[in-house]
Amino acid sequence: MDVGYSPAHLRAAAVDAVRAPSLHNTQPWRLRLRDGGIEVLADQTRRLPATDPNGWGVRIACGAALFNVRVALAVAGLPARVRLRPDPAEPDLLARLVPDVPRRPTPTEQSLYAAIPRRFSNRMPFWPDPVPADARWRLGEAARAEDCWLELLVGISAVTAFGEIAHSAHRVLERDPAYRAEREEWLRREPAPDGVPASAGGPQGEPQDLLPTRGFGSRDRAPGRDFEPEPLVGVLGSMGNTAVDQVVAGQALQRLLLTATDAGLSVSMLSQPIEVPTARDQLRLALGRFGTPQMVLRIGYGQPGRPTPRRSVDEVLELPVVPA
């Protein structure tokens, strides 16, 4: 296929792209068709100034949307070659996809694609059932397939040590009135196509919890009751921390989340220790890994839920102008 992608290909891929995760469900991406290539761009109007001042979260989210586009095109038999940040003069252009040699999708691509509409962030407490070794291996392989790494923190001592870093970062963020106001701005108590519905926020955090919660929760629980006794925590990292590394990490994050969904696992994200630079450095040193932590994941088995709302495809598309 050498004629490029069509507007129909763009629209079909965008249906899946918008299912990617993002900070506060801001959905900070745009997609356009140019010269037969599908391009993924950052929408800076939807960046969170207090939570994401440097655009790390936007690039992670756009990387996740890019992965969905890749999988959607592959399942359609139209796989893509991807170039990240192809034009230095346009820094918000994060990726360009052009047609590769047509082929049938692999079983893995088909499984990942089937998981896209089912994936959601589960902020409720997980059940005590341990995540089996084969599922942990699959998650690690998902990160490696996208040139990233996944460190699983196993055991109460490792999780407790991480929890101290996470709570410290959480306290730093909570001291910022702009951060708190931004979170409240994106909390949705009425139906909306973006933001975090209060019904999906999970229970309110308590001081004794091993891990902090963002504060979207609308459900109280009995004082002194544990959120969950021993969660499985994973740290996703990349080789570096450039803008390209962050887009790469976003793709790895989405592959990992879809792999978890396919395995029947629930996941929620804890980005507080990534958002605070000193906490991120502490986490990197504690892990002893080469590279940069890009996201923290809480992984386990949870009660059923459903994805949060998304904006319409028309709101994120930039279609080429057809001459009269």
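Tutor: Gladly, and keep in mind that this is a predicted model. Let us begin with Gly237: beyond its neighbours within four places in sequence, Gly237 is in contact with Cys148, Trp149, Thr292, Pro293 and Gln294.

Student: Which strand holds Gly237?

Tutor: Gly237 lies in strand β8. In general, strands of a sheet pair through backbone hydrogen bonds, in a parallel or an antiparallel way. In this case β8 (residues 232-238) runs antiparallel to β5, and six bridges join the two.

Student: How many residues of β5 are buried?

Tutor: Five of the six residues in β5 (residues 148-153) are buried, so this strand is mostly covered.

Student: What is the strand order in the open sheet of five strands?

Tutor: The order is β3-β4-β2-β1-β11, and the pairing is mixed. At the edges stand β3 (80-84) and β11 (317-318); each has a single partner strand, so one side of each lacks a neighbour in the sheet. Within this sheet, β1 (residues 29-34) and β2 (residues 37-42) form an antiparallel pair over six bridges.

Student: Now for the whole chain. Which radius of gyration would a compact globule have with 324 residues?

Tutor: The value would be near 20 Å, and the protein has 19 Å, which agrees with a compact globule. Along the principal axes, the C-alpha atoms fill a box of roughly 65 × 40 × 35 Å. Buried residues make up 54% of the 324 residues. Among contacts with a separation of 6 or more, 75% link residues 24 or more positions apart.

Student: How many helices and strands does the secondary structure come to?

Tutor: The protein has 10 helices and 11 strands.

Student: And what can we say about surface and charge?

Tutor: The accessible surface comes to about 14400 Å², and 54% of that belongs to carbon and sulfur atoms. For charge, compare mean positions: those of the 39 positive and 38 negative charges are 1 Å apart.

Note on methods
Residues numbered from 1 in each chain as written. Predicted model: local features only at pLDDT ≥ 70, side-chain atom pairs only at ≥ 80, totals over all residues. Heavy atoms only, no water. Buried < 20%, exposed > 50% of the residue type's maximum accessible area, 1.4 Å probe, protein only. Helix = DSSP H or I, 4+ residues; strand = E, 2+ residues; numbered from the N terminus. Pairing = 2+ DSSP bridges. Rg over C-alpha atoms; globule rule 2.2 N^0.38 Å. Contact = heavy atoms within 4.5 Å. Areas by Shrake-Rupley, 256 points an atom, 1.4 Å probe, with all protein chains shown as cover. Lys, Arg positive; Asp, Glu negative; His and termini not counted. Charge placed at Lys NZ, Arg CZ, Asp CG, Glu CD.
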